[in-house]
Amino acid sequence: MSGKLLVLAPPGDTGAVAVARQLTARVGPDHVLALTPADLVRARWSHRVTARGATSTRITLPTGTVLHDEDIGAVLNRLTQIPPAAGAPSAAVKDLVYARSERQALAASWLLSLAPRVAGLISAYGTVHGPVSPTTALIHAERCGLPVARRGGATRSGLIGRPAPGERHVPRLAWPGGRGSPVPVDVLPEQQTADCERLLRAGDHIIGGHTGYAAHCRRLAGELGTPLFELRLAPGPGGPVVTDVNLCPPLDDDRHVAATAALLVALAEQPTRRQA
């Protein structure tokens, strides 16, 4: 292993901690580096972009460790936010907001330059949560051939019948009269429950009981721009239907942790370093 495996996650992310521990056991502590948003904010950055779009980044961490692009083998991005740096007490609010937006853009540009080696969505804010909303992710899933729970709406619930498997009907107003009352209703996927079926896609690994979805998940990874995501499934009339696409899986299952660690090692070892 010639490059470091970075795990970017906020404090308290137990899934990230488990992946870092698994990676350490596989490749040794010298090749694994876990960083929090605060570590990135306190670091000293040198980030250059040429007229042709080529980038080069040098990061000096608070510990004194220096990271160059060529030092990085793969990255697990689970950043949920880039916090603002401590500013001068007299700094104007607009200046602090501007400084934070610049840091977010810096983190995003850095991660995008490493994109073939990154597991996790990269938004314009440098975080894993960005422009791909839950609804957008489900639209992508349906376009890729996955069975997706129905979404929509009606002026009243009586027009759409009873909820089908994998969906729920949510009135927009608390209105007396019960079922069929003249109140607009949203048709939404079933809410997540602790015992719902889950399928994790980590590169070429599919963890779950639906290996027949492998080709669909491969296409979905290309649409979303990340080789790592989790599907939540509910029973449907013709088989399980997708109710949610989680772009930052909890990684609370030992098999999911092992598959994610294996994905990072594979990304670091690929000569072409192409993303899924």
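1. Buried here means under 20% relative accessible area, exposed over 50%, and partly exposed in between, with a 1.4 Å probe and protein chains only. Thr260 has 0% relative accessibility, so this residue counts as buried.

2. A word on the model: it is predicted, with local features needing pLDDT of at least 70, side-chain atom pairs counting only at pLDDT 80 or more, and totals for chains, interfaces and linings using all residues. Residues are numbered from 1 along each chain as its sequence is written, and side-chain values use heavy atoms, leaving out hydrogens and water.

3. Thr260 sits in helix 6. Setting aside neighbours within four places in sequence, Thr260 is in contact (heavy atoms within 4.5 Å) with Val19, Leu76, Leu200, Ala202, Leu228 and Leu251.

4. Helix 6 covers residues 254-269 and spans 23 Å from first C-alpha to last, close to the 22 Å expected at 1.5 Å a residue. That expectation is 1.5 Å times one less than the number of residues. Buried residues in helix 6 include His256, Val257, Leu263, Leu264 and Leu267.

5. Have a look at the N-terminal end of helix 6 too: Asp253 caps it, with a side-chain oxygen 2.7 Å from the backbone nitrogen of Arg255.

6. Helix 4 (residues 134-143) and helix 5 (residues 214-224) pack at about 135 degrees, their axes 9 Å apart. Helix 4 is therefore oblique to helix 5, as angles under 35 degrees count as roughly parallel, over 145 as roughly antiparallel, 65 to 115 as roughly perpendicular and the rest as oblique. Ala137, His140 and Ala141 of helix 4 meet Leu220, Glu223 and Leu224 of helix 5 in this contact.

Methods
Helices (H or I, at least four residues) and strands (E, at least two) are DSSP runs, numbered from the N terminus. A polar contact is a pair of N or O atoms within 3.5 Å; within protein, one must be able to donate a hydrogen and the other to accept it, and residues adjacent in sequence count only if both atoms are side-chain atoms. Axes are lines fitted to C-alpha atoms, for helices over the stretch in contact, and angles run from 0 to 180 degrees between N-to-C directions.
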